[in-house]
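This briefing concerns the structure shown below. Please keep the sequence and the model in view while reading.

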Amino acid sequence: MGTKVRLWRWRRNPLRRGSDAAEAWVILATGLAIAVAAPVTGAATAWNVQDALDRQRQELRSTTAVLTADVPAVRAYTGGATVRAAARWTAPDGTIRTGDAQVKAGLKAGDRATVWTDDTGALRDGPLSPAEVEVRAGLSGALAAGGACAVLLTGSWVVRRRLDMRRAAGWEREWAEVGPHWARKHA
């Protein structure tokens, strides 16, 4: 059983090649870049997503719509089920709008329902809750941090692969030079 020599690329050794030292620097630089880039990228992405979702929440307005048709029946009705139904509402500029709004199941024509519109009066999905905003921002940040790590690790792998190819080519050249002399002595 042999012992594993740790940090061998950093030690002074006549057998250490320049490509070994270059590979050690690539590994160190990749580790440091990941340690810095992943948290910064993740945090910046999470903040930007959270700001965008908060702005989107602030731009939505709730308004009351009057249903112009009965809401289609839902077979497996649950208290929170929503369906699309024809409705009429007033836009912020005072014009009357009609369209299919997302409302609770079980309502009849003439019933009132709360709908969400943007500044132009177009129907939008309701705003996300603060907890949903936090979760989406956190997941986006985690994905961005993971993506930054993947890019850095892929770049490191490509550089190390190129170094391996250079080492193999060097060994081939050296073997082509030394191999015939060595084979004659032992034949």
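The points that follow cover confidence, the nonpolar core and the salt bridges.

The model is predicted. The protein chain has an average pLDDT of 86, and 88% of the residues score at least 70. The structure holds six salt bridges, and its largest nonpolar core has 11 residues.

**Confidence**

- Where pLDDT is low, predicted coordinates should not be read in detail.

**Nonpolar core**

- The largest nonpolar core is formed by Ala65, Leu67, Val71, Val83, Ala85, Ala87, Trp89, Ala101, Val103, Ala113 and Val115.
- Two or more residues of this core come from each of β1 (61-67), β2 (82-90), β3 (96-104) and β4 (112-117).
- Strand β2 provides the largest share of the core, with four residues.
- Ala65, a member of this core, touches Ala87, Arg88, Trp89, Asp111, Arg112, Ala113 and Val115, when residues up to four places away in sequence are not counted.
- In soluble globular proteins, nonpolar side chains tend to be buried together.

- Asp119 and Arg61 meet through their side chains in a salt bridge, at 2.3 Å from N to O.
- Asp119 lies in the loop between β4 and β5 (123-124) and Arg61 in strand β1, so this pair ties together parts that are 58 residues apart in sequence.
- Arg61 counts as partly exposed because its relative accessibility is 40%.
- A salt bridge also joins the side chains of Arg124 and Asp118, at 2.9 Å from N to O.
- In this pair, Arg124 counts as partly exposed, at 46% relative accessibility, whereas Asp118 counts as buried, at 14%.

- Asp164 forms a salt bridge with Arg167, and the closest N and O atoms are 2.3 Å apart.
- Asp164 and Arg167 are three residues apart in helix α2, so about one helical turn separates them.
- Asp164 counts as partly exposed, at 36% relative accessibility.
- Salt bridges that share partners join Asp20, Glu23, Arg160, Asp164 and Arg167 into one network.
- Not counting residues up to four places away in sequence, Arg167 touches Arg17, Ser19, Asp20 and Glu23.

Terms used: Residues are numbered from 1 along each chain as its sequence is written. This is a predicted model: local features need pLDDT of at least 70, side-chain atom pairs count only at pLDDT 80 or more; totals for chains, interfaces and linings use all residues. Side-chain values use heavy atoms; hydrogens and water are left out. A nonpolar core is a set of buried Ala, Val, Leu, Ile, Met, Phe, Trp, Tyr and Cys residues joined through side-chain atoms within 4.5 Å. Buried means under 20% relative accessible area, exposed over 50%, partly exposed in between (1.4 Å probe, protein chains only). Contact means heavy atoms within 4.5 Å. pLDDT is the predictor's confidence in each residue, from 0 to 100. A salt bridge is a side-chain nitrogen of Lys or Arg within 4 Å of a carboxyl oxygen of Asp or Glu.
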